[in-house]
Amino acid sequence: MENKKIFVVRPVLPPVERYIDYVKQIFNNQYLTNQGPLHKEFQAKLTELIGNDNITLFCNGHMALECAINAFDFENGGEVITTPYTFISTINAIINCGLKPVFCDIKMDDYTIDEDKIESLITPKTVAIVPVHVYGYPCNVKKIDEIANKHHLKAIYDAAHAFGVEVDGKSIYNFGDASMASFHSTKLFHTIEGGMVVGNHNDFLKKRLTVIKNFGIDETTTLIEESGVNAKMNEFEAAMGLSLFPEIEKIIARRKEIIELYRKELNIPGIKIVTPDNTIKYNYAYFPILIDKEKFGYNRDEVLCYLEKYNIYTRKYFYPLCCDNNYTDVNEKNIVNARYVSNNILSLPLYPTLENNDVIYICSLIKNIKND
Ligand code: T4K
């Protein structure tokens, strides 16, 4: 066991024959990218699953989010209320659109943006709210959508981690003005690299994004409507999504089993594990533990280093905070919880092929940690 390396994530893969069958189709029809037949088939499957046909596919989650924000044509310098407790992609997408992130604190019970603190950060310059369903824990979408409507702001969710999550029996992607998904290889469902934007209210976003992600070319008029980018999903990526599609429920079920085992084994003082609200359908995307040194005896960095000695590679998702760079400002008083969580959180290995024995081994190392 000690020589085996265990990473925080291993990509889930479909049966290789299934992927090869799709690749053969690509070779036969010689359509490799630019909204080919597999792209269309994958989009149709997602439409059915999510119950929304305003879906646009992208080459990755980052470009999906950046293009979604861009599509609303916010005035340069507009303020966007968001969380510092996320992957840096969220903040870079806001900044790359010429906007300014304004950081709001998170809640200690699920690390998502504190909806009760959003309104106090709204100024005449605020144009949007970009909350993040971090680890797949859903933000308070109903309250946030209400605030956005009341103040005429757009709610654009970074739902990179939230594939498969449902609130009130409907996909999480059906809240807000738009949501982005990441289909990166490290996600529970993926297309190698890939992403998606789901728009709500009408098909404005889908039309806009289809143009923006294709250099700004509007194929319906052959006009170049605006300066765009190249952010299209290719056929090999769509093939991976189609190959993994039949596995989604199995993947989520196995992740649930692993998390339940972790929870049972790690029921010890000083280790806090989030319990998502039982009214939602959760996707078991990550397994973060919050370590309280006073009660546990060791801090997060000590646990990380100790596990590494035994070839267990955990990750500090999310440290440092996304406001800790030289291109954004922050009021430290507004991010007290985020600062604490970022300094004490550790994501443990989680992927369907992780064996129960591996989980028990990781937990026994944590429980028996010592200075050696
Ligand atoms: N918004 C949020 C909230 C996000 O979390 C992300 C991405 C985005 C936006 C942007 O979405 P994308 O543009 O990525 O679609 C990873 C992922 O690259 C990134 O997708 C993800 N979030 C972020 C949280 O994590 P790293 O730097 O931790 O990945 P890496 O390469 O170190 O991989 C982690 C472990 O996984 C490695 O120890 C080994 C293993 N691994 C990884 C890959 C890629 C494999 O075994 N095989 C593989 O192919 O960023």
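**Note on a predicted model with a ligand**

1. Phe215 is found in the loop between helix α6, which spans residues 204-212, and strand β10, which spans residues 217-218. As with everything that follows, this placement is read from a predicted model.

2. Phe215 also belongs to a nonpolar surface patch of about 290 Å², which is made by Phe215 together with Ile217 and Ile224. The relative accessible area of Phe215 is 41%, so this residue counts as partly exposed, and membership of such a patch calls for over 30% relative accessible area.

3. Turning to the ligand, there are 26 residues around it, and those that come nearest are Arg10, Asp158, His161, Arg315 and Tyr317. For Arg10, a polar side-chain atom lies 2.7 Å from an oxygen atom of the ligand, while for Asp158 a polar side-chain atom lies 2.7 Å from a nitrogen atom of the ligand. Gly61 takes part through its backbone, where a polar atom is 2.9 Å from an oxygen atom of the ligand. On its own the ligand has 920 Å² of accessible area, and the protein covers 77% of that area.

4. A further point concerns helix α11, made of residues 336-344, in which Ala338, Val341, Ser342 and Asn344 are buried. The elements that cover these buried residues include strand β13 (288-291), helix α10 (300-309) and strand β14 (345-347).

Key
Residues are numbered from 1 along each chain as its sequence is written. This is a predicted model: local features need pLDDT of at least 70, side-chain atom pairs count only at pLDDT 80 or more; totals for chains, interfaces and linings use all residues. Side-chain values use heavy atoms; hydrogens and water are left out. Buried means under 20% relative accessible area, exposed over 50%, partly exposed in between (1.4 Å probe, protein chains only). Helices (H or I, at least four residues) and strands (E, at least two) are DSSP runs, numbered from the N terminus. Contact means heavy atoms within 4.5 Å. Patches are made of residues with over 30% relative accessible area and no salt bridge: like charges are joined within 9 Å, nonpolar side chains (Val, Leu, Ile, Met, Phe, Trp, Tyr) within 5 Å. Accessible areas come from the Shrake-Rupley method with a 1.4 Å probe; for residues, only the protein chains shown count as cover. A salt bridge is a side-chain nitrogen of Lys or Arg within 4 Å of a carboxyl oxygen of Asp or Glu. A residue is near a molecule or strand if one of its heavy atoms lies within 4 Å of it. A polar contact is a pair of N or O atoms within 3.5 Å; within protein, one must be able to donate a hydrogen and the other to accept it, and residues adjacent in sequence count only if both atoms are side-chain atoms.
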